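Colleague: Could you walk me through this model before I start on it?
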Amino acid sequence: METLIFFLRQMLNFSIPLLIVAIGSMYSSRSGVVNIGLDGIMIMGAFTSFMFIRFTEGIMPPQLQIIIAIIISIATGLIFSLLHAFASINLNADQIISGQALNMFAPAFSVFAARIILGDSIISFRNFFIIEEIPFLSKIPFIGDILFRDVYLTTYLGFIVLIVANFVLYRTRFGLRLRACGEHPQAPDSVGINVRKFRYFGVMISGALGGLGGLVFVLPNSTNFNGQVSGYGFLALAVMIFGQWSPMKIFFASMFFGSLKTMSAIYSGLPFFNTLGIPSEFYKLMPYLITMIVLAFGPKGLTGPRAEGKPFQKGMS
Amino acid sequence: MKKLLSYGILAILVLSMIAGCAPQAEEPETGGEEPEVVEEEKPGIALLISAAGTLDDRAFNQACWEGVKNFAADYDLPYDYYQPVEDTVEAQVTIADTAIKAGAEFIIINSDQFKAAAYQMMNSHPDVTFIIFDTVPIDEDGNQVLTDNILAIQFKEHEATFIAGYAAVVEGYRKLGFMGGMPVPAVVRFGYGFVAGADAAAVDLGLTDVEMMYNYSGDFKPTPENQARAASWFQSGTEIIHVAAGPMGASVFAAAEQNDGVVIGVDSDQVNESETIITSAIKDLANVTYNSLKAWQDGTFEGGKIVVYGAAEGGVGLPWESTKFENFTKEDYDTLLERISNDVDGIASSIPTDEDYEDPTQIPLQAITLTYVQ
């Protein structure tokens with residue numbers, strides 16, 4: 001039982017950032033713009049928010065600090081993603097190239113700027129952000145131990161993002177229009193909807209969530225930020241595709257990826273699995289192997305929004 | 001119009017890249033266009049680090065850089081660091097050529113990834129002085145070769161971790177762990193020494209219940225995987241982990257903070273990185289770098305050989321001022337250091353190194369149980 005709780009707690013470290021970033025990229029894809037720049041956006045979001053945390057250490061209470069850091073990471077991601085939006089929506093540029101430009105720019109900028117500001121390319125921080133216990137809720141058996149004890153505020157953001165995304169996409173006029181722009185932009189255009197505006201919204205939301213994902217990714221896993229997120233932005237794209245561009249499926253996909261990743265990392269600490277003598281490569285391979293199997297033999301619905309990646313120019317079809 | 005705009009942006013990007021790539025000018029920029037203003041330039045110092053590493057890694061690159069910076073400040077010489085785009089021989093040789101073109105006359109190669117490239121560098125630049133840490137250059141056939149302009153410096157990392165492992169058991173820890181990055185020689189030496197030290201202490205104290213987990217993560221990065229692995233070890237009873245993996249240490253520190261674990265750091269004194277760090281197994285790269293540079297400036301530099309720094313030379317050990325042991329006292333430390341330095345009862349020469357065994361399970365252990373997680 002204790003092992004299971006530990007497993008699920010560790011799993012959230014993997015799954016929550018994947019969930020947030022994958023949902024972000026879903027917004028962008030649904031509006032018709034591929035955003036492979038999420039890795040870079042995560043780095044930028046982590047960079048500014050940890051810079052803030054570093055400079056306000058000890059000045060303000062940790063939980064207030066983390067709330068402001070969250071806002072900063074969102075704002076950074078949003079602004080940074082505008083570059084991608086401008087290139088791919090206004091200039092009709094190749095979306096893969098402009099996304100990749102963000103990925104190449106961000107780690108270099110992070111190291112460069114940190115060295116100028118701090119004289120050190122790594123941003124160290126003291127981690128005071130764990131909430132030891134949430135009264136009452138932590139008393140709930142099992143769930144209390146997983147979700148309401150020794151948690152970070154950022155963990156809950158994943159669930160909020162999920163619920164909001166599910167609502168916005170399927171229950172609001174905005175969501176309907178966003179989806180239309182990604183499926184068949186000529187249709188909303190013909191009824192006077194500004195496709196470019198909606199694509200901007202899609203990319204900006206993905207940028208905001210990408211930046212947030214960077215903060216959420218680094219916080220529980222390190223004591224410093226060194227200008228990289230280990231390719232989790234790309235992994236989030238895989239999660240989104242695996243989750244078929246729909247929030248609830250993305251949620252399960254991220255939990256699935258997270259659990260396999262967790263397994264590959266922690267099996268050595270679990271006596272049972274350690275005695276099985278299966279080499280670690282097997283566990284490390286599992287997430288990718290299963291992804292390939294599912295993509296190859298899975299349901300036919302595994303095609304993205306139809307107009308994804310195609311620039312929209314008014315009057316052309 | 002759009003085309004014009006995009007060309008304009010492109011031009012700005014390219015120009016700013018060129019400006020950004022230009023080597024940081026250490027002396028006032030006189031006649032920027034002329035690349036050949038070398039006549040009165042002072043000899044430069046360049047540090048080469050591997051593509052996989054980072055300069056501020058809180059470990060060996062940073063320690064080496066400290067040495068370079070201190071020396072350059074004392075002697076007022078230009079210095080810079082260079083990192084190849086990837087760890088291939090071509091990229092490494094190119095970056096060395098770049099450094100030399102920028103005026104470097106002393107090059108410090110701080111990575112064992114460079115052993116094949118170093119062979120080419122030392123032969124094609126006989127007038128440049130090199131030192132290389134942790135490895136020896138090899139030729140095309142894999143033979144170790146040294147020319148007069150290169151000095152290979154190695155450390156007895158296993159002596160530092162022998163003390164750390166010994167101290168951890170004396171301190172009262174019974175379940176230990178070692179987490180290495182990639183199994184490169186220096187990391188392996190850290191690991192084997194730690195195992196041997198814990199074993200020796202268990203024998204001396206007559207303990208039979210000491211256990212050791214042992215793993216190479218395969219990278220040097222702070223990732224959720226490495227955090228989760230460390231967390232799972234702490235969760236399953238491991239009390240103290242020695243991490244020898246540069247930047248990856250941050251993940252182990254984070255895991256220790258969340259699971260009430262204790263960590264032994266590596267390379268430099270890492271006590272400021274986390275409250276959980278009880279001590280660090282250090283190799284004194286900063287001073288060794290400084291002294292090599294000094295020998296070069298004084299004209300006493302001697303290349304063409306391998307120098308090994310151990311406890312006897314003051315090259316490795318624990319930073320006692322910041323060490324938080326309670327049961328393992330300063331006297332214990334000094335006695336052990338003394339015994340290793342003088343190799344009393346063959347204590348130092350019996351510590352296994354990377355050349356002795358291929359994997360840690362082959363180390364003959366007398367008292368502790370080792371679990372090698374592959």
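Modeller: Helices (H or I, at least four residues) and strands (E, at least two) are DSSP runs, numbered from the N terminus. This is a predicted model, in which local features need pLDDT of at least 70 and side-chain atom pairs count only at pLDDT 80 or more, while totals for chains, interfaces and linings use all residues. Residues are numbered from 1 along each chain as its sequence is written, and chains are lettered from A in the order in which they are written.
Colleague: How many helices and strands does chain B have?
Modeller: Chain B has ten helices and 13 strands.
Colleague: And how many residues does chain B give to the contact with chain A?
Modeller: Chain B gives 31 residues and chain A gives 30, where contact means C-beta atoms, placed from the backbone, within 7 Å.
Colleague: Which element of chain B gives the most there?
Modeller: Helix 7 of chain B does, with nine residues.
Colleague: Switching to chain A, how do helix 1 and helix 6 cross?
Modeller: The axes of helix 1 (residues 2-31) and helix 6 (residues 153-171) of chain A come within 9 Å and cross at roughly 25°, the axes being lines fitted to C-alpha atoms over the stretch in contact, with angles from 0 to 180 degrees between N-to-C directions. Helix 1 of chain A is therefore roughly parallel to helix 6 of chain A, a term for angles under 35 degrees.
Colleague: Which residues meet there?
Modeller: On helix 1 of chain A they include Leu12(A), Ile16(A) and Arg30(A), and on helix 6 of chain A they include Gly158(A), Val161(A) and Leu169(A).

Key. Contact = placed C-beta atoms within 7 Å. Parallel < 35°, antiparallel > 145°, perpendicular 65-115°, else oblique.
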